[in-house]
Amino acid sequence: MVLMGIIYILIILIFILMMFAYVQIKIAGMNVKDFYSFIEANQTLDKLYRFSKKYEKLSSQDQLIFLSEAEKVFEAFNKVPDLLWEEEYQKYMDVLDKYKDIKMVRWEKN
């Protein structure tokens, strides 16, 4: 009986925390879907950042993959307030610089 009471209390606490998070996201002027895509894009940004620092020359296929993933990240970051990703600003700018470099090289080839 005590175990059922504890489980019931935990379920209520989880529900309250989820509602609190939802309200905070709405107060910030975002949709939950945009916030979730931002979280995913933040993980992708970390991968792209490491990738951009590790590899100087990329094959054409790697360049296309980098460009498409970077565009998804930029789109997701543009949907949320700047205060949310203030800590990731330097990574964002480094990936953006690499993105611009690749775009320039591809433009020169065409």
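Visitor: In this predicted model, how far apart are the end C-alpha atoms of helix H1, and what span should its 26 residues have?
Guide: The model is predicted, so local features need pLDDT of at least 70 and side-chain atom pairs count only at pLDDT 80 or more, while totals for chains, interfaces and linings use all residues. Residues are numbered from 1 along each chain as its sequence is written, and side-chain values use heavy atoms, with hydrogens and water left out. Helices are DSSP runs (H or I, at least four residues; strands are E, at least two) numbered from the N terminus, and the expected span is 1.5 Å times one less than the number of residues. For H1, residues 2–27, that rule gives 38 Å, which agrees with the end-to-end C-alpha distance of 37 Å.

Visitor: Is Met-1 buried or exposed?
Guide: Met-1 is found in the segment before H1, and its C-alpha is 38 Å from that of Lys-26, 25 residues away in sequence. Buried means under 20% relative accessible area, exposed over 50% and partly exposed in between, with a 1.4 Å probe and protein chains only. Because its relative accessibility is 87%, Met-1 counts as exposed.

Visitor: Which residues of H4 are buried?
Guide: H4 has 21 residues and reaches 30 Å from its first C-alpha to its last, close to the 30 Å expected. What covers its buried residues includes H2 and H3. The buried residues themselves are Tyr-92, Asp-94, Val-95, Leu-96, Lys-98, Tyr-99 and Ile-102.

Visitor: Leaving aside neighbours within four places in sequence, what is Lys-98 in contact with?
Guide: Lys-98 is found in helix H4, residues 89–109, and it is buried, with a relative accessible area of 12%. Contact means heavy atoms within 4.5 Å. By that criterion, and with those sequence neighbours set aside, Lys-98 is in contact with Ser-52, Tyr-55, Glu-56, Leu-58 and Phe-66.

Visitor: What is the relative accessible area of Asp-101?
Guide: Asp-101 is also found in helix H4, and its C-alpha is 14 Å from that of Phe-51, 50 residues away in sequence. Asp-101 is partly exposed, with a relative accessible area of 47%.

Visitor: How do the rings of Phe-77 and Trp-85 pair?
Guide: Rings of Phe, Tyr and Trp (its six-membered ring) pair if their centres lie within 6.5 Å, with planes under 30 degrees apart counted as stacked, over 60 as edge-to-face and the rest as tilted. A search of the whole structure finds nine aromatic pairs. In this one the centres are 5.1 Å apart and the planes at 70 degrees, so the pair of Phe-77 and Trp-85 is edge-to-face.

Visitor: What kind of aromatic pair do Phe-77 and Tyr-92 form?
Guide: Both Phe-77 and Tyr-92 are buried. Their rings are 5.5 Å centre to centre with 25 degrees between the planes, making the pair stacked. It links Phe-77 in helix H3 with Tyr-92 in helix H4, 15 residues apart.

Visitor: Which residues do ring pairs link into a cluster?
Guide: Phe-77 and Trp-85, both buried, belong to this cluster.
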